[in-house]
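Hello,

Here is the structure I promised to pass on. Please open it first, then read my notes below.

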Amino acid sequence: MRKKTLRQIFKYIKANTVLLIISLFCALLSVVGTLYLPILIGKGVDLCLGTGLVDFKAIGQLLVIGIIVIAITMTAQFIMNLCNNRMTANVVARMRKDAIRKLQKLPIRYIDNKSYGELVNRIIADVDTFSEGLLLGFTQLFTGILTILGTLGFMLVIDVKITLIVVLVTPLSFFVAGFVSKKTFNLFTKQSSTRGEQTAYIEEMVGNQKIVRAFGKEADTMKRFDEINGKLQNVSVKAIFFSSLTNPATRFINALVYAAVGVFGAIIVMDVDTAITVGELSCFLSYANQYTKPFNEISGVIAEFQNALACAENFFKFLSEEDEKDAVSIDSFVKVGQKEKQDREEYADKEAAESETRYAITNGAKLIGDVTIKNVSFSYVPERKLIEGFNLHVKQGQRVAIVGPTGCGKTTLINLLMRFYDINAGDIILDGVPIDEQSRHDLRDSYGMVLQETWLKNGTIRENIAFGNPDASMEEIEEAAKKAHAHSFITRMPKGYDTEILEDGGNLSNGQKQLLCIARIMLMNPPILILDEATSSIDTRTEMKVQDAFARLMKGKTSFIVAHRLSTIQSADVILVMKDGNVIEQGTHAELLKEKGFYYELYQSQWA
């Protein structure tokens, strides 16, 4: 698994080849400069032969050369760090961009089965942790490896025997680092998973504090949080403990190497027949220290990199989830949107005299909104059946109301029409073409939805209304707001249509948020409408006005209206009464009341 993760990481790094080459060159220059300084120091030591035998002129020349080498080394390290930071920032930016792209292409089923906190943790926290490990890798791993190879080469030139002593003790460092890194990787993986669980729980509690306090569940909330927090604390302590063992263990081994070099080097220097000098021994000791130092740094990097790899593995696992079958590339949305806009404009010019309706264009044909459902079966969980053998035919321009008790399948039917979920069996046919033969993007572009649960993005009121039609003029936006009866409260806002909406509309009432969502759909003016309890948060007086606006909007369009309040759907062309996933009654309001069946009971219960 780690090899696959590393290959995926290298794909991201490959996009920064120029920066990588510059960084490697500067790392090489930095290492050469660092390794050349001990040679100058060794020569300086050999120039101090005794009292009155010090060559100050030569030492002065070595000092000037040393200052130049230090300046070049510092400059190279500065440039290398700049490149490494830029590479890391580029990789992280691309990873988050890919994550958001992936989110747009994942099946709704996958998102429904995951907590939002867990998904946010993959995109934010895991990528942040990975970037820290990656930066350490760029900064210390390159230079560490080059330093090891460079010092090894210089030591071989000075004395082969002492170099062999250093090399023979080195595998101990690898053994210790390898043992600890395997242990820490598993712990950091568990830490990342637990952190995602905690993030999800915190998000849930923060977003629902009113409910928690209303039911007096503060103590239970703290108890559950303490359980998750304690689990995260335990696994974090273990991970940090094992990762912190690496550095002192390798330092101990490195101290043994340094001591061995000092002892054997001194013995060799005292031999009159040897060619090694005191200055060269001091140089060798410096190299022995520099040779072992990268092992300490790399072992520390490995501990951090294990954490980074664990987070990267979770992230790439998210990216590897299966897309919707016909998910369109996000880049192609722009091209599709431009073509579609051109088609719509051409069609609008031809039909302006006959209709104010703007139709979606699919494969060059005008969508009329004829819907046929044949023997459709569907369930969210295989062992729990929901919709079985469902049949329905909706003609163009009909207003279809869907009513029934909670859990009967009303919203599920909408999910199937929009292909948020794919049916298990049967066919849903739109204008003679099965919807599974159409792209989800083209299909959904033909629908306009207003849901019971409102959603507004961060931005101005104007931007939110124009969300489905960004090219709309200010006059069109205001007209849509007026039709939805939102214009009056918008003009009373501090900056009118340029008022910034807080996260999820925090500075608006539920009714105002719903009105903005209705204005948004008014502006889109799509050929098929889906209204899922669209007026649930609006007072009765405003609701009457909005219903009139919807009546004008629905003229000539196929409309599906999910409603619990039966008073809102009495004018529908067809009312479908659902129970246990099946349509048990069908007809107009008057016809269903006359039958005195299940619809009659529902209607009477609301007016009892």
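Ile-79 counts as partly exposed, because its relative accessibility is 33%. That value falls between the limits for buried, under 20%, and exposed, over 50%. Keep in mind that this is a predicted model.

The nonpolar patch

Ile-79 sits in helix 3. It belongs to a nonpolar surface patch of about 460 Å². Two helices, helix 2 (17–46) and helix 3 (56–105), each supply at least two of the patch residues. Helix 3 gives the most, with three residues.

The positive patch

There is also a charged patch on the surface. Lys-3, Lys-4, Arg-7 and Lys-11 form it, and it is positive. Lys-3 lies in helix 1, which covers residues 2–14. Is Lys-3 buried or exposed? Lys-3 counts as exposed, because its relative accessibility is 66% and the cut-off for exposed is over 50%.

The cores

Now the inside. The largest nonpolar core has 46 residues. Seven names to look up are Ile-465, Ile-490, Leu-516, Phe-550, Ile-569, Ile-575 and Tyr-599; they touch the most other members of this core. Helix 18 (residues 510–524) gives the most to it, with nine residues. Another core, of 30 residues, lies apart from the largest one. Its members include Phe-390, Val-400, Cys-408 and Met-418.

Best wishes

Definitions and conventions
Residues numbered from 1 in each chain as written. Predicted model: local features only at pLDDT ≥ 70, side-chain atom pairs only at ≥ 80, totals over all residues. Heavy atoms only, no water. Patch = residues over 30% accessible without salt bridge, like charges linked within 9 Å, V, L, I, M, F, W, Y side chains within 5 Å. Areas by Shrake-Rupley, 256 points an atom, 1.4 Å probe, with all protein chains shown as cover. Salt bridge = Lys/Arg side-chain N within 4 Å of Asp/Glu carboxyl O. Lys, Arg positive; Asp, Glu negative; His and termini not counted. Charge placed at Lys NZ, Arg CZ, Asp CG, Glu CD. Helix = DSSP H or I, 4+ residues; strand = E, 2+ residues; numbered from the N terminus. Buried < 20%, exposed > 50% of the residue type's maximum accessible area, 1.4 Å probe, protein only. Core = buried A, V, L, I, M, F, W, Y, C linked by side-chain atoms within 4.5 Å.
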